[in-house]
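Have a look at the sequence and the structure before you start.

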Amino acid sequence: QVQLVESGGGLVQAGGSLRLSCAASGRTASSYAMGWFRQAPGKERETVAAISWSGGNTYYADSVKGRFTISRDNAKNTVYLQMNSLQPEDTAVYYCAARKILYDSRAVYTAEYQYDYWGQGTQVTVSS
């Protein structure tokens, strides 16, 4: 089992920045690909960004490309989401997720069903 805890959410004005962190604990000796997802009120959860275990491959939703950056520090068992130029439409609960990797450390996963473990979420609110 892996436990994921997100932090770094909060209230920010449009144009501002936040950095989310997701700390993994438990059976972290295994390799995990990681992803960030978000769910706005009344909307379905959507993929924001994802990163391979190696950190060499990433994915971004079109809506966040050029503004958000996903990264990871495997020594700290932590994945980050740097969010710049935030807009009101970025307001949502942000979740991190982990998928155990068996073979390919370079693989990136973008669909919810591909992930095995989820954090409890952190609220990001962007005011206009």
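**A cluster of rings**

Phe37, Tyr115 and Trp118 are linked into a cluster by ring pairs. The model is predicted, so to speak of local features a pLDDT of at least 70 is needed, side-chain atom pairs count only at pLDDT 80 or more, and totals for chains, interfaces and linings use all residues. Residues are numbered from 1 along each chain as its sequence is written, and side-chain values use heavy atoms, with hydrogens and water left out.

**Exercise 1.** Classify the pair of Phe37 and Tyr115.

*Solution.* Start with the rule: rings of Phe, Tyr and Trp (its six-membered ring) pair if their centres lie within 6.5 Å; planes under 30 degrees apart are stacked, over 60 edge-to-face, and the rest tilted. The rule gives four aromatic pairs.

**Exercise 2.** Are Phe37 and Tyr115 buried or exposed?

*Solution.* Buried means under 20% relative accessible area, exposed over 50%, and partly exposed in between (1.4 Å probe, protein chains only). Phe37 has 1%, so Phe37 is buried. Tyr115, at 6%, is buried too.

**Exercise 3.** Describe the pair of Tyr115 and Trp118.

*Solution.* The centres of Tyr115 and Trp118 are 6.2 Å apart, with 65° between the planes: edge-to-face. Trp118 is partly exposed, at 27% relative accessibility.

**Exercise 4.** Which residue lies over the face of Trp118?

*Solution.* A charge sits over a ring if NZ of Lys or CZ of Arg is within 6 Å of the ring centre and within 35 degrees of the ring normal. Arg45 lies over the face of Trp118, at 4.0 Å from the ring centre.
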